[in-house]
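Below are some questions and answers on how parts of a structure meet. Look at the structure first, then read on.

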Amino acid sequence: MSLVLQLMISGLAVGCLYALIALGYSLTYVVNGTLNMSQGQLVMLGGVIMFGFTSHAHLPFLVSFALAAALVALLNLGIERLAIRKFDRGPNAIEWVLSTIAVGIIIQDVALYFNGPDEGVTPSPVGDGMLRIMGAGVYWKEFVFLPVVALLLVGLIVFYKKSHWGLWLRATADNRTAIEIMGVSSNKIVAVAYVLSGLLAGLGGALMSTNYAVSVDIGLALGLKAISVAILAGVNNPKGIVAAGLILGIAEVFIGQYISTAFREMFVYGMVILVLYWKPAGLFNTSKTVIKV
Amino acid sequence: MLSIQGLEVRYGAIQALRRIDLELAAGEIVAVIGSNGAGKTTLLQSILGLVRPDKGVITFDGKPITQLSASRTANLGISLVPEGREVFGTLTVLENLRLGLKNKIGSTSKEQFERELASIYERFPRLYERRDQQAMTLSGGEQQMLVLSRAMISKPKLLLLDEPSLGLAPIIVSDIFASIQELAKGGTAVLLVEQMAHKALSIASRGYVIDNGRVAFQGKSSDLLQDQRMIKAYLGVH
Amino acid sequence: MNSFLQLGLRYRGTAAVTSAAIIVALLAACPWLMDTYYLNLLFMIGTFVITCTGMNLLIGYCGIVSIGHAGLMATGAYVSSYLSTQAGLSFWVVALAGMLMSLVIGSLIAIPTIKAGGVYLSMITIAFGVVIHEVLIRWDAFTGGPLGISGIPKPELGGYRFDLKSMYLLVLAVSVLVLVLIRNLRRSAWGRAMIATKENEIAAASLGIRKFAVQYAGFAFSAVLAGLSGAIYAHANSFISPDTYHFQTSVQLVLIVILGGAGTVLGPVVGATILVFLPELLQMEKLRMALYGGIMFAVLFFLPKGIVGTAGQLLGRKIRGYAKTGPSPARERNSETPQLFAHASSSGAVMLELNGIHKHFGGLHALKDVSFSVATGAVHSLVGPNGAGKTTLLNVISGLYSANQGTLSLRGKSLNPRSLSDVTMLGIARTFQHSRLFKELTVLENVMVGMAGRRRVGFAHALLHTPKQRRDERVMEERAHLLLDLIGYEGDRDMPASQLPYGHQRMVEIARALATEPDLLLLDEPAAGMTAAEIGQLEQLLRKLTAYGLTIILIEHHMDFVQRISDTVTVLDFGKVIGTGKPEEMLTDPRVIQAYLGAEEVAAGA
């Protein structure tokens with residue numbers, strides 16, 4: 001029983017990260033139908049920068065955290081401006097998919113060049129101690145993911161539903177034509193979405209580095225897994241994405257424990273393939289399209 | 001208030017508008033009527049700046065706005081209510097209205113917004129009833145009221161309306177048209193594009209009949225309503 | 001210079017073949033001209049050309065960007081290597097097995113991919129590529145795990161064991177073959193159907209082209225080529241491991257295609273050459289991937305048609321400029337249209353009957369109890385104000401939408417269309433409100449695409465350019481010319497359709513619809529945007545068509561045109577039929593005038 005609880009919490013912790021990263025995809029996709037395929041590399045940067053700031057530059061934890069998140073958010077703003085904006089009006093999604101993939105490759109290689117291949121873990125402010133729940137031993141630094149991410153999600157929801165910029169984001173996601181006819185520059189709104197998305201990636205990466213080893217090559221796998229989560233849930237369904245992320249995290253941990261690590265890696269991609277055979281738009285996707293001739 | 005001279009717009013190979021001349025004063029309602037594809041929507045889009053004219057001059061409030069983009073003209077006080085009632089379906093009525101404030105967030109105080117809201121609710125009690133409902137649950141007529149109100153919140157000097165009667169039952173259309181008249185009384189200049197020519201002319205003081213991209217003829221509404229040429233030009237019988 | 005170029009143009013067919021032969025001969029001499037280091041690079045380029053030509057078809061003609069094709073190369077490599085190392089089978093057998101397995105896996109990938117579109121499509125291919133990579137690492141028993149398979153024997157033929165030189169020649173031969181195949185495909189009905197589907201799925205379906213068949217063919221072709229390339233590489237290198245076949249490899253494959261120019265024949269050759277030689281030239285060990293990423297970015301931004309594509313575009317314009325200085329080859333004008341409309345006038349009095357048609361879109365009741373019949377050989381016009389439901393009705397008749405209630409019957413038999421392409425095969429053709437010509441195809445090819453639904457030869461015939469296929473092409477070309485004559489098109493028929501003036505575009509679209517051999521033609525606002533002269537031509541055409549026994553349903557707003565051309569007019573308003581009758585009656589009917597003008601009391605008389 002205690003093992004199960006342990007695994008649950010580990011799974012939820014990982015799941016939180018997946019959810020956070022996948023939400024980053026969803027945020028921009030609902031606003032203008034694009035996303036940053038290099039989101040995984042952004043998460044990696046968040047982690048690597050966090051580690052660098054705390055362990056090499058010896059900056060205080062919170063300062064590093066904020067800086068890492070801010071830098072990544074700014075980078076994503078740049079990526080939107082350079083790699084996506086030119087293509088988002090095209091009839092074909094493929095240009096921005098390819099250009100953001102290209103960006104991801106560049107980021108990873110450049111990071112390797114400057115940072116080297118080594119991995120590192122950021123010392124967590126809650127220390128390495130364990131917490132005992134019902135006979136199970138859980139690391140504080142892992143357990144703390146849950147409330148932190150929950151807080152982030154709540155903050156995001158509040159921003160999205162109550163704030164003025166959130167209103168504009170929702171409006172653009174709802175009806176971009178109407179926004180344009182109202183003479184509002186949708187470019188600014190899209191930029192905000194990308195900054196938010198980058199913030200989530202940076203925060204996710206920085207947080208992640210407190211419990212898992214980060215190196216420059218974790219980005220690819222993370223990005224692919226997170227986008228699988230988004231595909232499974234339906235990219236425009238944030239609640240579904242959070243649920244799917246948590247479920248995936250738990251599933252991975254249990255499979256890794258009881259079946260094999262090999263199977264664990266293949267699990268999510270296998271799921272994606274199965275789901276895409278059955279429901280190409282994603283399990284929870286609810287949008288309907290009427291063909292206009 | 002609005003003056004258009006020699007306006008020409010091409011879409012690639014198609015000449016959508018040929019040498020349009022048009023005048024509109026504050027508080028006036030002017031109708032633009034014509035058959036489908038005659039160029040009426042293009043005209044409104046050129047004024048707002050969604051479409052760049054190839055030739056001609058558009059002057060608003062004394063200033064040339066010919067090549068300005070939509071966000072600039074919107075800030076100068078021109079609002080467009082597009083064809084097809086583009087509401088934000090998943091947002092509530094109230095949220096839709098709040099968006100009407102656009103870039104003037106800060107400069108329009110909360111009280112001013114509340115006052116505007118109050119007058120809108122008075123004019124359209126049904127919007128008040130449904131203020132917390134999602135806009136997509138509203139009927140066609142209610143959505144039209146919503147879009148009209150949203151355009152009015154920013155207190156535009158010029159209101160461009162593209163076929164507000166489209167797809168609405170005649171009774172509702174009368175309601176909407178009555179509201180448009182009220183708005184004009186408040187000093188807003190209204191350019192009303194319509195297919196329902198007689199309805200439009202009944203509230204407008206003047207009308208322009210557009211045929212194949214040109215102004216076929218124009219005049220006072222009372223004259224146009226009697227004009228045989230209207231039926232002929234309208235149905236495209238030359 | 002001018003006359004030199006014209007001379008070159010006239011003999012350009014022969015010139016091209018001769019220069020190609022010379023280049024191939026030079027390449028074949030390479031094993032004796034250069035050392036193993038460079039020969040190996042050329043070998044690599046060759047293997048890329050094989051895979052990437054398949055991908056070129058997929059990306060350039062079908063519009064499917066697969067970012068997982070490394071997985072298919074891996075399938076070919078691993079299956080063939082396993083069989084040759086474990087079962088000792090000969091290279092030629094295992095290569096075939098590898099290709100077959102790649103075809104199987106490729107088919108599995110194709111199904112959800114083709115169903116999806118846009119972003120999802122690429123994601124699916126990525127997911128598959130990753131899964132295959134994981135399988136390669138984890139399934140030790142078969143793949144040897146992270147260490148891969150080594151000791152793969154070189155191919156043998158009648159006692160002779162291949163070495164690098166002969167492997168290179170093999171790859172060269174296969175590359176040349178593959179390039180010829182794709183060139184053949186481009187000039188066949190399959191190639192045109194693929195491009196049409198990529199550009200405009202709905203228009204292609206309206207011509208009877210089934211998206212799945214066409215795109216699956218592209219996928220299959222690319223899968224087989226990837227598998228073959230993988231098998232060849234494995235048996236030349238003697239060693240393969242999962243490292244060679246991961247996501248970044250798939251990205252490189254895409255880069256090769258778009259750098260060279262998707263949809264061009266030589267694109268992959270140029271792309272592969274650059275990608276293989278550049279890092280060598282720059283002596284880069286580090287940041288190689290960053291370089292590739294940068295190149296990809298640059299291509300997307302500045303050279304979206306790729307190198308060969310852009311060059312082709314620039315040269316194309318120049319050549320067309322010169323070509324116009326000569327007289328166009330005289331074609332005997334044939335104003336008779338012998339077998340163009342085979343089915344016409346064999347239908348009885350009523351062509352189409354609608355009874356009680358209702359159509360909802362959620363809360364919107366777009367069509368309410370629509371009933372009328374269309375007589376065979378008549379021109380039947382549908383008029384009504386904006387939003388009355390005319391196009392929706394046309395969509396129901398042509399199978400794009402299905403009615404919620406009511407019945408349709410065609411030639412007396414119940415019509416239950418499930419798709420646009422079904423309906424086209426039944427003899428109903430249509431055009432659209434906004435021009436949907438295929439911009440990448442020439443005017444002539446656009447019309448020929450219309451015949452793809454009924455007359456497409458097999459895929460193999462198209463690839464191999466067999467005599468049967470050549471005969472069929474000639475027949476189709478002749479028919480297309482006749483149709484263009486019929487609509488009165490006098491311009492350049494080899495011009496890309498994107499350069500057509502608007503009025504001509506609408507007419508060529510009608511010719512394309514006629515190519516499907518319909519007996520009922522649905523036209524959605526054909527006169528929109530046309531000048532008075534063009535409308536006159538349209539009138540002439542419609543009269544000719546009815547003389548051949550075609551039935552025409554027409555949506556129009558130019559009332560005088562409607563009056564002159566129609567036998568019957570149905571007026572729609574708010575989704576309901578206000579009346580059906582002769583044009584003079586309907587167009588002066590007070591109810592109709594009210595519907596258009598919105599008057600409660602109508603000004604006296606009209």
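Q: How are α2(A) and α4(A) oriented to each other, and why?
A: Helices here are DSSP runs (H or I, at least four residues), numbered from the N terminus. In this predicted model, helix α2 (residues 39-56) of chain A packs on helix α4 (residues 94-115) of chain A at an angle of about 25°. Axes are lines fitted to C-alpha atoms over the stretch in contact, angles run from 0 to 180 degrees between N-to-C directions, and angles under 35 degrees count as roughly parallel. α2(A) and α4(A) are therefore roughly parallel.

Q: How far apart are the axes of α2 and α4 of chain A?
A: Two packed helices are described by the angle between their axes and the distance between the axes. For helices α2 and α4 of chain A, the axes are 9 Å apart.

Q: Which residues of α4(A) does α2(A) meet?
A: Two residues are in contact if their C-beta atoms, placed from the backbone, lie within 7 Å. From α2(A) come Gly40(A), Gln41(A), Leu45(A) and Val48(A). Their partners in α4(A) are Gly104(A), Ile107(A), Gln108(A), Ala111(A) and Asn115(A).

Q: How many residues of the contact of α2(A) with α4(A) are polar?
A: Ala, Val, Leu, Ile, Met, Phe, Trp, Tyr, Cys and Pro count as nonpolar, Asp, Glu, Lys and Arg as charged, and the others, Gly among them, as polar. This contact has four nonpolar and no charged residues. Its polar residues number five.

Q: Which helix gives the largest share of the side of chain A that touches chain C?
A: In this pairing, 33 residues of chain A are in contact with 40 residues of chain C. Helices α4, α10 (218-233) and α12 (261-278) of chain A each supply at least two residues of the chain A side. The largest share, 13 residues, comes from α4(A).

Q: How many nonpolar residues are on the side of chain B that touches chain A?
A: Here 17 residues of chain B are in contact with 14 residues of chain A. α2(B) gives the most to the chain B side, with four residues. By class, that side has four polar residues, four charged and, as nonpolar, nine.

Q: How far apart are the centres of domain 1 and domain 2 of chain C?
A: An automatic or database assignment sets the domain bounds, and chain C has domain 1 (1-33), domain 2 (36-320) and domain 3 (350-597). Taken over C-alpha atoms, the centres of domains 1 and 2 of chain C are separated by 27 Å.

Q: How are residues and chains labelled, and which pLDDT limits apply?
A: Residues are numbered from 1 along each chain as its sequence is written, while chains are lettered from A and ligands numbered from 1 in the order in which they are written. In this predicted model, totals for chains, interfaces and linings use all residues, local features need pLDDT of at least 70, and side-chain atom pairs count only at pLDDT 80 or more.

Definitions and conventions. Angles under 35 degrees count as roughly parallel, over 145 as roughly antiparallel, 65 to 115 as roughly perpendicular and the rest as oblique.
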